[in-house]
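Please look through the sequence and the model shown below. The paragraphs after it start from a single residue and then widen to the whole chain.

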Amino acid sequence: MNARKVMILMKMDFPKGTSRFWFGSCPYIDANGDHWRAAGELPESALSTLQYSFSGEAVVMEVGLSGVPQDIADLAYEETQEDDVIGSEVQILLQSCDQYFQPVGDPIVKFTGEIIDLNFHKAATGDQAQPHIKHEVIVVVANVFHARKSRRNAVLSDSDQKALSLKLNPDLLPDLSCERVTLMNEQTITWPRA
């Protein structure tokens, strides 16, 4: 029995376009003609943070590129200043492969989240023969359950609930649940009823 071969892919939808990476050493073109850039070796510890969120658990993971040249790090920083990349969608996918490491079928989405923060680091290397500065770009990604609890101004108001219900069900009357909650503010509820 052969061990299952998979490729780990990462797709990032930024305001200016989509970036695609895979954890390997050469470029990859999928069946749709999309180009996936090589992102190098994936650390073994990274797989433990990749969780399929069946349980509703809030998951935050950091995705980083280290050893980035100065010009690429500067370009990444400029783009974050020009466009708000916070909130951009990130997907981790698994692509099954045959014994020759050729893709078979469509990739399966294993994680979907959004960018909640970006960090830039630089440090001088200890190489005395060729000293240079090592740049690192880290993207902090959270799944939908984390994003749900950390939204700005996350207050469930009557007007917000009515607007949401009209958006989801435009043919129905607005949802009155939050309006009724405020009416119960001064009421005494006995539970369980005897």
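S19 counts as buried because its relative accessibility is 12%; buried means under 20% relative accessible area, exposed over 50%, and partly exposed in between, with a 1.4 Å probe and protein chains only. The model is predicted, so local features need pLDDT of at least 70 and side-chain atom pairs count only at pLDDT 80 or more, while totals for chains, interfaces and linings use all residues. Residues are numbered from 1 along each chain as its sequence is written, and side-chain values use heavy atoms, with hydrogens and water left out.

S19 lies in strand β2, residues 17–22. Leaving aside residues up to four places away in sequence, S19 touches M10, K11, M12, F14 and R37, where a contact means heavy atoms within 4.5 Å.

Strand β2 belongs to an open sheet of eight strands with mixed pairing, in the order β3-β4-β2-β1-β6-β7-β8-β5. Helices (H or I, at least four residues) and strands (E, at least two) are DSSP runs numbered from the N terminus, and two strands pair if DSSP finds at least two bridges between them. Strands of a sheet pair through backbone hydrogen bonds, either parallel or antiparallel. At the edges are β3 (28–29) and β5 (60–68), each of which pairs on one side only. The partner of β5 is β8 (residues 133–143); the two run antiparallel and are joined by eight bridges. Within this pairing, V60 has A142 of β8 as its bridge partner.

Among contacts between residues at least 6 apart in sequence, 55% join residues at least 24 apart. The chain has 194 residues, of which 23% count as buried.

Side chains and cysteines remain. The charged end of R20 sits over the ring of W36, 5.9 Å from the ring centre; the criterion is NZ of Lys or CZ of Arg within 6 Å of the ring centre and within 35 degrees of the ring normal.

How many disulfides does the structure hold? There are zero disulfides, a disulfide being a pair of cysteine sulfur atoms within 2.5 Å. C26 is partly exposed because its relative accessible area is 39%, whereas C97 counts as buried at 12% relative accessibility.
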